[in-house]
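Me: I have a structure open that I have not seen before. Can you go through it with me?
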Amino acid sequence: MAPTPVNPAGPRLLLRRMREVMASPQPPQEKLDQMVRVIANNMVAEVCSIYLVRAGDILELFATVGLKAEAVHKTNLRVGEGLIGEIAARGAPLNLADAQSHPNFAYRPETGEDIYHSLMGVPVIRGGRVLGVLAVQNVTQRLYTEEETEALQTVAMVLAELVGSGELIDPSEVHEGTFAQGHPPKIDGVTMAEGIAIGQVVLHEPRVQVTRLIAEDEAIELVRLDEALSSLRSSLDNLLERADLGIEGDHFDVLETYRMFANDRGWVEKIRDGIRGGLTAEAAVQRVQVDNRVRMAKINDPYLRERLSDLDDLANRLIRHLMGLDQGGVIDLPEQTVVVARNLGPTELLDYDRARLRGVILAEGTPSAHVAIIAKALGIPVIGQVEGIVGLVDPGDQIIVDAMTAQVFLLPTQDVVDLYEEALALRERRRAAYAEHRDLPAITKDGVEIGLHMNAGLLVDLPHLSDTGAHGIGLFRTEFQFMVGSTFPRHEAQRELYSRVLDAAGDKPVVFRTLDIGSDKVVPFLERPKEENPALGWRAIRMGLDRPALLRYQLRALLAATAGRDLRVMFPLVSDVSEFLAARSILEKELKRHVRVGREPPGRLWVGTMLEVPALAWQLDALIPHVDFVSIGSNDLMQYLFAADRGNTMLTDRYDILSPAALSFLRMIVDTLQRGGVSVSLCGEAAGKTVEAMALIGIGLRSLSMTPASVGPVKEMIRTLDVAKLRSYLLTLLPLPDHSLRTKLTNFARDHGVEL
Ligand code: PEP
Ligand code: MG
């Protein structure tokens, strides 16, 4: 059949008519009825129908011209059923010259549609979710043109906004929508901080609600677009030129790509087409963005997906520029907030009201990222690497964060919510049980006592010392005070924090680690040189030794805070004995000065080092005479041992601390130090995971320091473990060629009744 020429009046006139309908003072149903008439007229179609999703994924005919009026609010199709259901399920248009011969055609006699042969339907999509289907039909067998499909999609986008914003129909009439294929309501990610949360979505950078959809003057909209594009481009240029961004590295690549996209003629031309079709500039950007999201859902290639999601971000930025809005903005948080973001820095997490923040979902992020460490300290579950999450949710959506199994449930059904509420209650009961075990010793079944300490870095962590029953603070990350502030913490601020930590700890030991700045630990107010490989760069004790003023200043604050109490100081990222000796001698000089000016010296002073750089492991015999204790920082030690960036999402599952290589290496370190009479502990994230902690005890560690929430579960594991049995089994595993011993160790735990 020859295609009918496109209506010369085109979508612009149609959008204008739609605006008139919206402006008219009539009840919603009449507006909808008029809307379908206007669309049918403009598209030269005999039928135009709007189906909207009701609860239970049912598509209901809400308005029609051409089909029998009595079918309205009667004809129902399940998502996936019939052609209309298929359009909703796939989230993609369907264009058929002979609809009735399609295998999925579902005849509904009450509609009287048997006389219509051709059908074109498009999904009504908002925020990645299908709200309904808009369809036109004709008696003759004809294929609709590409321009017609485009036009109907534009109309569908406007409809989606009108329906979604409640302007066209009462929101209680329709469901939040269903997910098209490729947008599953359950998405897997990677656990960054354990726990479970049920709450409502708050988008970290909220997508802006486009309210003005239909343009009054095309020329003005084209100018607005050009202006917004140029301000977008210059803001990207500014970002690139900002002194704290390197000229190489990931952020540079990302921004370069953004800049490339912002100048991409294809993208801009598509937006211009939207404007020429009658949309406002912001609505046209959104229209292209919707297409882009549908494409994104179908692409498996991670590189392409990443690029498309950059484009999605860029569209959001452009919309903000068009609407004259600053980035971000203050938002009222729901009682139970789940923050959804592409990525989040530790300080950004702390910006959210603790009393309302229940969970975090990130499109990126890795378990050892510092946002995860802070989230653990706060007891907030975080799931990272949840692909496409930002585009899939709308603010206010109900969502479940199951960071125990690393799954996110979007718009869960009531059954799922009930299940999780039960799980939350169970966790609460377990927490209460841990609290009851708080004062029980951490002793294995065969009588081996394990030191259980907690990691901390902020005042907010301190109450956990008593409520977990931890033996002390095995790692106090002093840099957190610097990372969360906007200005340099002066001597008095530092002294006060350390003093309050010691007050809270009472008789329990606290290990203060000196500043570990650099790499992923960004201190906003400190100028740092640009580096190609910051993780291998000028950081931690390297900075402390090259610019000793900062280190001295901190040591003074520590000595002043101690005021006669015991003091334990530990240096980060020491690579060889000479670095440790240099750092120790700075401390000793400061101690002399402290005493000289008449201040009270610490009761006892212990000086230790982190073991995070593999080189130091081969100099332990030379270190032993000089060091009072060693704490293994497995987060960094593993990243250097396996040459695998701890922040790179593509490497998260690549290497395992439960591998023969890592465990043999750790065993050698522990054996050597214990033989030398030096106390050794481990304070990386692995210490707080039950299987890992079990293996670490198996290779000989007798002291662990972990995130506070892990103390209870790890103690329970310890109290059900027979170390001798585990050790003899584990030693047989170390020579194996296996990539990981995780399954074998988990099976051991199960077979021997070890509580994981
Ligand atoms: C580590 O590297 O394991 C460690 C505890 O230090 P951080 O995570 O603070 O770098
Ligand atoms: Mg470290």
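Me: What do the side chains of K376 and E685 do where they meet?
Reply: This is a predicted model, and in it K376 and E685 form a salt bridge, with 2.6 Å from N to O.

Me: Where in the chain do K376 and E685 sit?
Reply: K376 belongs to helix α11, while E685 is in the loop between β22 (679-682) and α24 (690-698). The two residues are 309 apart, so the pair links distant parts of the chain.

Me: Why can side chains like that pair up?
Reply: Opposite charges can pair when the charged atoms come close.

Me: And how many salt bridges are there in the whole structure?
Reply: A search finds 38.

Me: Switching to ligand 1. Which residues come nearest?
Reply: There are 16 residues around ligand 1, and R477, R513, K521, G633 and N635 come nearest.

Me: Which helices and strands supply at least two residues of that shell?
Reply: α11 (370-378), β17 (473-477) and α22 (634-641) each do. α22 gives the most, with 3 residues.

Me: How does the shell divide into nonpolar, polar and charged?
Reply: It has 4 nonpolar, 5 polar and 7 charged residues.

Me: What distances do you have from the oxygen atoms of ligand 1?
Reply: An N or O atom in the side chain of R477 is 2.8 Å from an oxygen of ligand 1. For the backbone, a polar atom of G633 is 3.3 Å from a ligand oxygen, and an N or O atom of S634 is 3.1 Å from one.

Me: How much of the ligand's accessible area does the protein cover?
Reply: The cover is 100% of the 290 Å² that ligand 1 has on its own.

Me: Last topic, confidence. What is the mean pLDDT?
Reply: The mean is 86, and 88% of the residues reach 70 or more.

Me: Where is the pLDDT below 50?
Reply: Residues 1-6 are one such stretch, with 10 contacts beyond near neighbours in sequence. Residues 242-254 are also below 50, and that stretch has 12 such contacts in the model.

Notes:
Residues are numbered from 1 along each chain as its sequence is written. Chains are lettered from A and ligands numbered from 1 in the order in which they are written. This is a predicted model: local features need pLDDT of at least 70, side-chain atom pairs count only at pLDDT 80 or more; totals for chains, interfaces and linings use all residues. Side-chain values use heavy atoms; hydrogens and water are left out. pLDDT is the predictor's confidence in each residue, from 0 to 100. Contact means heavy atoms within 4.5 Å. A residue is near a molecule or strand if one of its heavy atoms lies within 4 Å of it. A polar contact is a pair of N or O atoms within 3.5 Å; within protein, one must be able to donate a hydrogen and the other to accept it, and residues adjacent in sequence count only if both atoms are side-chain atoms. Accessible areas come from the Shrake-Rupley method with a 1.4 Å probe; for residues, only the protein chains shown count as cover. Helices (H or I, at least four residues) and strands (E, at least two) are DSSP runs, numbered from the N terminus. Ala, Val, Leu, Ile, Met, Phe, Trp, Tyr, Cys and Pro count as nonpolar, Asp, Glu, Lys and Arg as charged, and the others, Gly among them, as polar. A salt bridge is a side-chain nitrogen of Lys or Arg within 4 Å of a carboxyl oxygen of Asp or Glu.
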